[in-house]
Amino acid sequence: MPNQSVLILDDSLQQAELVSDILSQAGYRTTALSNPLQAMEELKGSFFHLVLTDLSMPEISGMEVLREAKQISPETAVIIMTAYGTIENAVEAIKIGASDYLTKPFSTDQLLITVDRVLKSQQVVMENRLLKERLEVSGKDEFELVGNHASMLKIKELIHRVAQDSKTPVLITGESGTGKELAARAIHRLSVRKENPFIAVNCAALPVGLLESELFGHEKGAFTGANTRRLGRFMLADSGTLFLDEIGEMDISMQSKLLRVLQEGEFMMVGGTRPQRVDVRVISATNRNLLQEIRAGRFREDLYYRLNVIPVVMPLLRDRVSDILPLVEHFRQQYWRRHGRMAPMLTPEAQEVLQNYNFPGNVRELFNVLERGSLLAHGPQIEAEDLGLVCTPAVSNAPVSLREASEEAERQALADALERHHWNQRSTSSALGISERTLRYRLQRYNLRKPRS
Ligand SMILES: Nc1ncnc2c1ncn2[C@@H]1O[C@H](COP(=O)(O)OP(=O)(O)OP(=O)(O)O)[C@@H](O)[C@H]1O
Ligand SMILES: [Mg+2]
C-alpha cells in the first residue's frame with residue numbers, strides 16, 4: 001500500500017536509516033530516528049500509520065515506546081524489532097499491543113511482507129470503524145453512475161478527467177438525489193487514491209463543536225468526556241479522499257478552520273498544540289446555491305473559491321428522461337441483492353407514468369418509488385397505480401416555458417404528496433425521497449400551506 005507514513009526507531013541511526021531506505025523505496029513515507037524521546041515528540045505531532053521500533057535501546061526501552069505510542073495514538077500500528085534470543089520480550093510486546101515482531105537480522109523481503117501485512121490489517125480496522133456507520137449494501141455496480149443522456153455522458157467524462165489529478169478540490173452541486181455522493185465516490189475510485197480511504201462527513205448532521213472534533217480530532221482531555229485522544233476524519237482520510245457533504249450547512253466559524261487546512265495543508269486537533277499535516281483530497285457537495293449563500297453572508301467567498309476549483313454540476317433527472325428506464329433496469333437488478341428475490345417488471349403504463357413524472361427528488365426518489373412499487377405490486381408486474389405517483393395532466397392551452405411547466409408539475413406533485421400524507425412533513429419527504437429540509441424549502445418556494453379545515 002503506497003504512501004503510508006512509517007516511523008523507524010533504532011538506537012543505531014545507521015540501522016534505522018537502512019530500514020527507512022528500503023521502505024521508502026517501496027513507496028512509504030518514512031522518518032528514521034535514533035532518539036526515543038524525539039520519536040515520541042514526532043508521534044504527538046503527526047499521525048503515523050506504523051512505528052517500527054527496536055526493543056533494546058539504552059535509556060528508554062522499545063517496550064516503553066510501544067506503551068507510549070499506543071497511548072498517544074491507539075490507531076498507530078507498532079512492529080517490534082528484536083535481536084535473536086529475546087523472543088519472550090517479543091511475546092510480551094504483542095500482549096501490550098504490538099502488531100508483530102521482526103527478529104534481527106531480517107531480510108528485505110521479511111521486512112516488506114511484515115510491514116505490508118500489518119498495514120493491511122490496520123487499514124481494515126480503521127475502515128471497519130467507518131463501515132459500521134454505513135448501511136449501504138456493498139457491491140461493485142452499487143457505485144456505477146447509470147445514464148447515457150448527453151448531460152450524464154458529460155459528467156462521466158468530467159469525472160474521469162478530474163480523477164487524473166489527485167489533489168485539486170472538487171465541488172459537486174445539484175438538487176437532492178441527483179447522485180452527488182455517487183459522483184464523489186466515482187472520482188475517488190478512479191483516482192490514484194483508490195486504495196486509500198474515502199471518508200464522508202455530513203456537515204449538516206453535527207453541531208459546530210462536535211463537527212470540529214469530528215473533522216480534526218481531539219487530544220485526550222480536550223473537553224469533558226474526551227477520555228482518549230481521537231483521530232479526526234481528516235487524519236483518517238490521510239492519503240485518501242475526504243467527502244464533505246452538505247458543505248452549504250457548515251457554520252461560518254468552521255468555514256474559517258476548513259479554509260486553513262485547504263490553504264496550508266495543516267490543522268490543529270481540538271486541544272492540540274501542534275499543527276498536523278495531512279495529504280487529503282477534498283471533495284465537497286451541496287444542494288444549496290453557494291453564490292446566494294455568499295451574498296447572504298452565510299458562506300465565505302474565499303472558501304468557496306478554494307473548494308470550487310473544479311465544479312461538477314449534477315443534472316436533474318427530469319432533464320434526462322431517456323435515463324429513467326435504464327435506471328429502472330439498474331435498480332431492478334440490484335433488487336435481488338437487497339431482497340433476495342426478483343423485482344417485478346413494470347407494465348408499459350407504469351413505464352409511461354415514470355417517464356412523465358417530474359421527480360422533484362431525482363434519482364433517489366425514483367429508487368424509492370420502485371422499492372415501494374415492488375412491495376405493493378399484487379401481481380407479477382408493477383402497475384401504474386402501485387407507483388403511487390400522481391401524473392400531472394399535460395398543461396393545456398397556455399403557452400408556458402419549459403421551466404414554468406416543470407415548476408408547476410413539481411408544485412402539483414408536492415401538493416399531492418402532502419395531501420396523501422396528511423401534511424406530515426416527515427412521511428411526505430421520505431415518500432418523495434427528499435430531506436425534510438428540502439421539503440420545507442420547497443414549501444416556502446411554492447408558497448404551499450396546510451389548508452385550514
Ligand atoms: N446516475 C445514477 N446511477 C445510479 N444510481 C444513482 C445515480 N444517481 C443517483 N443514484 C442513486 O440515487 C441515490 C441518491 O444518490 P446520492 O446519495 O449520490 O445523491 P445526492 O445528490 O448526494 O443526494 P442528497 O443531496 O439528497 O444527499 C443513491 O442510492 C444513488 O446510488
Ligand atoms: Mg448526498
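In which sense do S7 and S10 pair, and over how many bridges? In this predicted model, the pairing of S7 with S10 is parallel and comprises five bridges. Within this pairing, Phe-198 lies opposite Thr-241 of S10. Strand S10 also runs parallel to S13, to which four bridges join it. Here Thr-241 faces Arg-281 of S13.

Strand S10 spans residues 241–245, and five of its five residues are buried, so the strand is largely enclosed by the rest of the structure. The burial applies to both faces of S10. One side carries Thr-241, Phe-243 and Asp-245, and the other carries Leu-242 and Leu-244, all of them buried.

The structure contains 35 salt bridges. One of them is formed by the side chains of Asp-279 and Arg-193, with an N to O distance of 2.9 Å. This pair links distant parts of the chain, its members being 86 residues apart. Asp-279 is located in the loop between strand S12 (276–277) and strand S13 (281–286), whereas Arg-193 belongs to the loop between helix H7 (180–190) and strand S7 (198–202). Asp-279 has a relative accessible area of 18% and is therefore buried, the cut-off being under 20%. Arg-193 is likewise counted as buried, because its relative accessibility is 4%.

Glu-157 is partly exposed, as its relative accessible area is 43%.

A further salt bridge connects the side chains of Glu-266 and Arg-260, with an N to O distance of 3.5 Å. Glu-266 counts as buried because its relative accessibility is 17%. Arg-260, at 30% relative accessibility, counts as partly exposed. Elsewhere, salt bridges that share partners join six residues into one network: Glu-246, Glu-249, Arg-288, Glu-293, Arg-298 and Arg-437.

Notes
Residues numbered from 1 in each chain as written. Chains lettered and ligands numbered in written order. Predicted model: local features only at pLDDT ≥ 70, side-chain atom pairs only at ≥ 80, totals over all residues. Heavy atoms only, no water. Salt bridge = Lys/Arg side-chain N within 4 Å of Asp/Glu carboxyl O. Buried < 20%, exposed > 50% of the residue type's maximum accessible area, 1.4 Å probe, protein only. Helix = DSSP H or I, 4+ residues; strand = E, 2+ residues; numbered from the N terminus. Pairing = 2+ DSSP bridges.
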